[in-house]
Amino acid sequence: MRIRGNLAGLLVLPFVALIFGCVAGGLILAGRDAARQAARVAQLSPLSATVLEDSPPGRAALIEGRISERNRQRLRAFVAYVREEYRGSDDDGDPTWYEDERVTPPLLVELADGRVQIENADYRLERAPVTWQEDTALWWNGISGEGTKRYTGFVAGNPVTAIGTVVQGREGRALNAERLYGGSRADYIAEKRSDAAILPWIGGALGLVSAILLGVWGRLLLRR
């Protein structure tokens with residue numbers, strides 16, 4: 001029994017350590033990226049519609065406003081959304097969701113002095129403010145390959161911060177957005193700085209767990 005236990009440890013421990021190590025590395029990199037994003041946005045002042053119209057194409061730009069009522073509704077009241085499907089629970093019993101549809105069309109954003117066109121359709125949604133789930137019960141049918149779906153996105157009137165670059169649109173200057181954030185510029189910077197402060201610590205802790213597991217694995221190897 002002891003030999004079997006040692007053999008199981010030799011086979012399992014390096015894989016578990018690798019998983020912890022990969023997650024740790026991902027969190028550390030995510031923290032660094034959050035720090036870069038916070039620093040970048042801190043250097044961008046919100047542009048008015050007038051200033052954006054006079055800006056050269058290629059200029060890094062940020063606008064704060066609200067989703068315009070003129071945007072076409074795509075699903076219910078959503079004008080842009082990400083759909084996720086429930087695929088059962090993980091080992092801890094937590095729901096597992098997988099993105100299976102993304103609808104991010106060009107949008108109009110209302111600013112204090114006019115409207116700005118979001119020209120592209122490949123921007124990211126971050127902290128989108130509205131979520132709707134089509135069924136209160138969570139279910140997954142392995143035979144049909146379908147489950148409960150939930151939608152997260154923007155509706156008309158939602159506050160939004162759009163980050164990207166100025167481009168020449170069909171009717172004047174527009175914004176090629178990298179991301180649409182459901183909140184203010186200040187909220188975005190605070191959130192990214194918080195992530196930058198916390199994620200590396202979590203990553204470091206998981207990295208330590210990985211190192212301990214590898215140490216145990218090494219000891220088992222030496223005993224054989």
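**Figure 1. Leu208 within helix H3.** Leu208 belongs to helix H3, which spans residues 185-223; helices (H or I, at least four residues) and strands (E, at least two) are DSSP runs, numbered from the N terminus. The model is predicted, so local features need pLDDT of at least 70 and side-chain atom pairs count only at pLDDT 80 or more, while totals for chains, interfaces and linings use all residues. Residues are numbered from 1 along each chain as its sequence is written, and side-chain values use heavy atoms, with hydrogens and water left out. Leu208 counts as exposed, at 52% relative accessibility (buried means under 20% relative accessible area, exposed over 50%, partly exposed in between; 1.4 Å probe, protein chains only).

**Figure 2. Thr161 within strand S11.** Strand S11, residues 159-169, contains Thr161. Thr161 has a relative accessible area of 0% and is therefore buried. Beyond residues up to four places away in sequence, Thr161 touches Leu62, Ile63, Glu64, Arg179, Leu180, Tyr181, Gly183, Ser184 and Arg185 (contact: heavy atoms within 4.5 Å).

**Figure 3. Polar surroundings of the Thr161 side chain.** The backbone oxygen of Gly183 is reached by the side chain of Thr161 at 2.6 Å. A polar atom of that side chain also lies 3.3 Å from the backbone nitrogen of Arg185.

**Figure 4. Thr161 and Leu214 in the setting of the protein.** Thr161 and Leu214 stand 53 residues apart in sequence and 44 Å apart in space, C-alpha to C-alpha. The protein has three helices and twelve strands, and its C-alpha atoms fill a box of roughly 75 × 45 × 25 Å along the principal axes. Of its 224 residues, 36% count as buried.

Notes. Polar contact = N/O pair within 3.5 Å; in protein donor to acceptor, adjacent residues only side chain to side chain.
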